[in-house]
Amino acid sequence: MNILLLGSGGREHAFAWKIVQSPKCSNLFVAPGNAGTQSIATNLPISVTDFEQIKTAVLENKIDLVVVGPEEPLVKGLIDFLLSDDKTKEIPVVGPPKLGATLEGSKDFSKRFMQRNQIPTAAYETFDANQLEEGLAYLEKQSLPIVLKADGLAAGKGVLILDSLQEAKSALKEMLLDQKFGAASSKVVIEEFLTGIELSVFVATDGKSYSILPEAKDYKRIGEKDTGLNTGGMGAVSPVLFADSEFMRKVETQVVQPTVAGLAAEDIPYKGFLFIGLMNKNGEPYVIEYNVRMGDPETEAVLPRIESDFVDLLWSIGTGTLQDYSLKISDDYATTVVMVSGGYPESYQKGFPISLPEKTNHATIFHAGTAFNQENQLINQGGRVLAVTGRGNSLENALENAYETVSQISWEKSYFRKDIGQDILALKN
């Protein structure tokens, strides 16, 4: 079949890498893609939010399946747009319509959904600019630290964890009155701070059935030992050693099943991936957030562990036949180390030539912020540039293979964390 994949990050290169391994894929098109997808698929210079151009590409390339990588086109209604057009409405899509995508597009919407469906999550209240005084009063009753979340999409930067009441009050004013995160913080969720260990659980669902993919743990902060500014993600590991069978049984019965049942009961159509950010609090799962797509860089650690045909999985999601799909997972470990431009997540320079090894040993290099310059040299074009995933029969072995490849990659001012997975190894030991 002909497949169109939307997006340009490391997640999309990992999707493309997995899709082209399937004999079911005749031609893969990626819009807009990056230098990595360019080597295995046909890149189309189309923005993920240019709905008319996407529809044209679907029709011109006789696309049989559309797979949406990032959240923005979903939250803006791409799926509704395709389903409302007679020429494209019969083409299966992987990604929820706008209503389902509101699980990520609005923190308040998702918290209310969890509350209605008895899904364990932190206590919270939501406030807008007209309720500033009530919000400030609510803060005074909370224990420290305090979590403030911009209600809308803020590119992973809309969550603040404050250690003092004064900081929290100032931040609430900045978010609501000064629009610190633009329209995303026109409403702010004030949330109880949960202590524990975070992990990400990924679910494929067609709205009726579900399949739980390998779990992962990601590393958000720029600095080692989880210090410094938040980023889109500096690394990931899968499986997660502290997510044992008993904990994952609780995740399935207390979180996954009521989430899928709640979507159906509330007539929220959903065919796609659901990323559930969880806190393991003394062996009990609490939902931190929903995302309506796969995570990045977790995808680069999760997909290499899927042994069954990935295109069959995508097709069964899009056609509502997931109950017939049999997911097979490797026992191997996969660990991802993200290499970024110096200065990220703040300002950074682009255009530096990247040197890659000719061969890699038990590792895969996924491209994110890469492009080719006029001399056909590979260059850094974004903040997160490459994601290097090592495989192995142990966490130590997988990390060794990832870092061995990282050591062979260079460009001016590149940076990566050297401690990915070390916290889990410490727990293990």
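The side chain of Thr389 makes a polar contact with the side chain of Thr336 at 2.8 Å, where a polar contact is a pair of N or O atoms within 3.5 Å and, within protein, one atom must be able to donate a hydrogen and the other to accept it, residues adjacent in sequence counting only if both atoms are side-chain atoms. The model is a predicted one, in which local features need pLDDT of at least 70 and side-chain atom pairs count only at pLDDT 80 or more, while totals for chains, interfaces and linings use all residues. Residues are numbered from 1 along each chain as its sequence is written, and side-chain values use heavy atoms, with hydrogens and water left out.

Thr389 belongs to strand β22 (residues 384–392); strands (E, at least two residues) and helices (H or I, at least four) are DSSP runs numbered from the N terminus. The side chain of Thr389 also reaches the backbone oxygen of Glu300 at 2.9 Å. Thr389 counts as buried because its relative accessibility is 1%, the classes being buried under 20% relative accessible area, exposed over 50% and partly exposed in between, with a 1.4 Å probe and protein chains only. Beyond its neighbours within four places in sequence, Thr389 is in contact with residues including Glu300, Thr336, His362, Phe366 and Ala402, contact meaning heavy atoms within 4.5 Å.

Another buried threonine is Thr205, with a relative accessible area of 1%, and this residue is found in strand β10 (residues 197–205). A polar atom of the Thr205 side chain lies 3.0 Å from the backbone nitrogen of Gly207. Not counting residues up to four places away in sequence, Thr205 touches Tyr210, Val260, Tyr270, Lys271, Gly272, Ile317 and Leu322.

An open sheet of four strands, with antiparallel pairing, has the order β6-β9-β7-β8. Its edge strands, β6 (124–128) and β8 (159–162), each pair on one side only, and the twist averages 20° from one strand to the next. Two strands are taken to pair if DSSP finds at least two bridges between them.

| Strand pair | Bridges |
|---|---|
| β6 and β9 (residues 187–192) | five |
| β7 and β9 | five |
| β7 and β8 | four |
| β16 (residues 272–281) and β17 (residues 284–291) | seven |

Within the sheet, Glu125 stands opposite Ile190 in β9, Ala150 has Val188 in β9 as its bridge partner, and Val147 has Ile161 in β8. Strand β7 is mostly covered, five of its five residues being buried. Ile146, Leu148 and Ala150 point one way from β7, whereas Val147 and Lys149 point the other way, and all are buried. In a regular strand the side chains alternate between the two faces of the sheet.

Axes here are lines fitted to C-alpha atoms, for helices over the stretch in contact, and angles run from 0 to 180 degrees between N-to-C directions.

The largest nonpolar core has 74 residues, and those with the most contacts inside it are Leu4 and Ile276; such a core is a set of buried Ala, Val, Leu, Ile, Met, Phe, Trp, Tyr and Cys residues joined through side-chain atoms within 4.5 Å. The largest share of this core, seven residues, comes from helix α10 (residues 245–265). A second, separate core of 37 residues includes Cys25, Val302, Val340 and Ala387. Leaving aside neighbours within four places in sequence, Ile276 is in contact with residues including Leu199, Val203, Val255, Val287 and Tyr290. Val287 is also the bridge partner, in β17, of Leu278. In the hairpin of β16 and β17, which has two residues between the strands, Asn282 takes a positive phi near 55°.

Helix α3 (residues 51–60) has Phe51, Ile54, Lys55, Ala57 and Val58 as its buried residues. They lie on the same side of α3 because they cover an arc of only 160° around the axis, the arc being that of the directions from the helix axis to the C-beta atoms. These buried residues pack against β1 (2–7), β4 (65–68), α4 (72–75) and α5 (78–83). Just after α3, Lys62 takes a positive phi of about 50°.
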